[in-house]
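User: Please take a look at the model below. Then let us go through it by question and answer.

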Amino acid sequence: MCFLKDFAYCLFFLSQALRLPKAGETIHGHKFFIGFGGKGANKCIQAARLGAKTAMVCKVGKDFFGDNYIQNFKDNGVNTEFVGQTSDAATGTASIIVNSAGENAIVIVAGANMLLGSGELHKALPVIRHAKVLVCQLEISPQTSLQALRMAQENKVKTIFNPAPAIPDLDSGFYGASGVFCCNETEAELLTGSSVITVEDADRAAQELLKRGCGSVIITLGPQGCVVLEGKESTSKHVPSTGVTAVDTTGAGDSFIGALALYTAHYPSMPLEEMARRANQVAGVSVQAVGTQSSYPNRKDLPADLF
Ligand SMILES: Nc1ncnc2c1ncn2[C@@H]1O[C@H](COP(=O)(O)OP(=O)(O)OP(=O)(O)O)[C@@H](O)[C@H]1O
Ligand SMILES: *[C@@H]1O[C@H](CO)[C@@H](O)[C@H](O)[C@H]1NC(C)=O
């Protein structure tokens with residue numbers, strides 16, 4: 001099986017072959033798969049499967065893939081009123097070739113994702129303003145993401161920001177616009193400039209990120225779970241993972257944040273540490289099955305004490 005980080009933007013096309021083709025070469029592969037991805041969509045669908053009332057704000061192409069992508073939201077109970085379709089660009093895609101050693105070559109065409117702008121955000125204002133929480137990441141233009149976070153804040157809507165895919169020159173405005181700033185160890189490392197491997201490293205990185213103005217910070221650490229630093233606390237808490245044997249961790253971070261969003265919306269007075277403990281459990285289920293969205297659990301499949 002192949003283990004890929006979800007950089008799909010929207011859809012991913014995955015071909016498996018013995019080796020990667022050279023320039024100008026045509027080779028036969030043995031397996032092809034089209035999947036739904038996109039970091040925002042993944043989180044939204046995880047939250048919806050846990051019982052959250054969700055709406056997606058994004059842009060896809062006026063094409064076959066865009067139509068299917070929207071249908072996938074509908075099948076998961078997500079409101080698609082603010083999913084725009086444009087004929088100026090294609091639906092975002094990641095075309096991936098994986099060889100038998102698990103190495104890959106990937107072409108990402110962000111396409112329509114980059115055409116989401118302030119016009120669409122203003123149209124979506126009614127749904128943003130009435131939301132309990134807004135979740136943003138960086139598979140659209142960073143300025144649009146930042147503007148959305150600020151719109152939410154102006155309307156007293158809680159915000160969760162995931163700086164992924166990681167960019168080194170993150171606009172410093174993102175910190176102040178993030179109620180919860182949630183990143184993984186790689187992103188924390190890139191943003192703080194110091195290596196994040198241990199829980200102690202993550203605590204130091206969280207302190208540094210908090211100083212930049214976020215409300216609270218969570219750094220996810222894969223099998224080590226996560227570190228949670230609530231704004232009002234002086235030290236972070238380590239929340240261990242469920243310690244399960246992972247089959248495929250692709251999209252685990254999005255499962256975690258989708259769950260975090262649900263708890264933020266439904267349990268406003270729950271301590272962040274407890275939300276993270278429960279989100280670890282949800283993400284811990286997602287790593288035990290293959291795929292990204294296909295591995296995300298529904299509420300009915302989870303222990304009742306998580307809700
Ligand atoms: N091997 C594992 N065992 C148990 N839980 C895991 C494992 N890997 C990930 N998780 C859970 O998923 C959460 C997020 O994982 P991780 O830190 O790897 O996110 P990520 O790097 O953003 O993942 P991805 O990019 O694959 O979506 C962890 O905090 C943990 O709760
Ligand atoms: C963290 O997320 C980034 C994308 O921003 C990804 O490239 C990286 O592999 C992830 N790190 C880990 C340790 O999973």
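User: What is the volume of the largest pocket?
Analyst: This is a predicted model: local features need pLDDT of at least 70, side-chain atom pairs count only at pLDDT 80 or more, totals for chains, interfaces and linings use all residues, and side-chain values use heavy atoms, without hydrogens or water. Residues are numbered from 1 along each chain as its sequence is written, with chains lettered from A and ligands numbered from 1 in written order. On a 1 Å grid over the protein atoms alone, a pocket is an open set of points where a 1.4 Å probe fits, with protein on both sides within 12 Å along at least five of seven lines. Its volume is the space filled by probe spheres on points joined across faces, edges and corners, here about 960 Å³.

User: Which element gives the largest share of the lining of the largest pocket?
Analyst: Lining residues have an atom within 4 Å of a grid point, and 41 residues qualify, with C44, A55, M56, V133 and V135 nearest the centre. Elements giving two or more are α1 (39–49), β3 (58–61), α3 (118–129), β7 (133–136), α4 (142–154) and α8. Helices (H or I, at least four residues) and strands (E, at least two) are DSSP runs numbered from the N terminus. The largest share, 6 residues, comes from α1.

User: How many residues of that lining are nonpolar?
Analyst: Ala, Val, Leu, Ile, Met, Phe, Trp, Tyr, Cys and Pro count as nonpolar, Asp, Glu, Lys and Arg as charged, and the others, Gly among them, as polar. The lining has 6 charged and 10 polar residues, and its nonpolar residues number 25.

User: How much of ligand 1 does the protein bury?
Analyst: Of 20 residues around ligand 1 (a heavy atom within 4 Å), N184, T220, G222, G225 and N280 come nearest. By the Shrake-Rupley method with a 1.4 Å probe, ligand 1 alone exposes 620 Å², and the buried part is 92%.

User: Which helix gives the most to the shell around ligand 1?
Analyst: Two helices, α8 (252–266) and α9 (272–286), each supply at least two residues. With 3 residues, the top contributor is α8.

User: Which residues does the cis peptide bond join?
Analyst: Most peptide bonds are trans. The cis bond has an omega of about -5 degrees. The bond joins A164 and P165.

User: What is phi of Y9?
Analyst: Most residues other than glycine have a negative phi. Y9, in the segment before β1 (11–16), has a positive phi, near 65 degrees.
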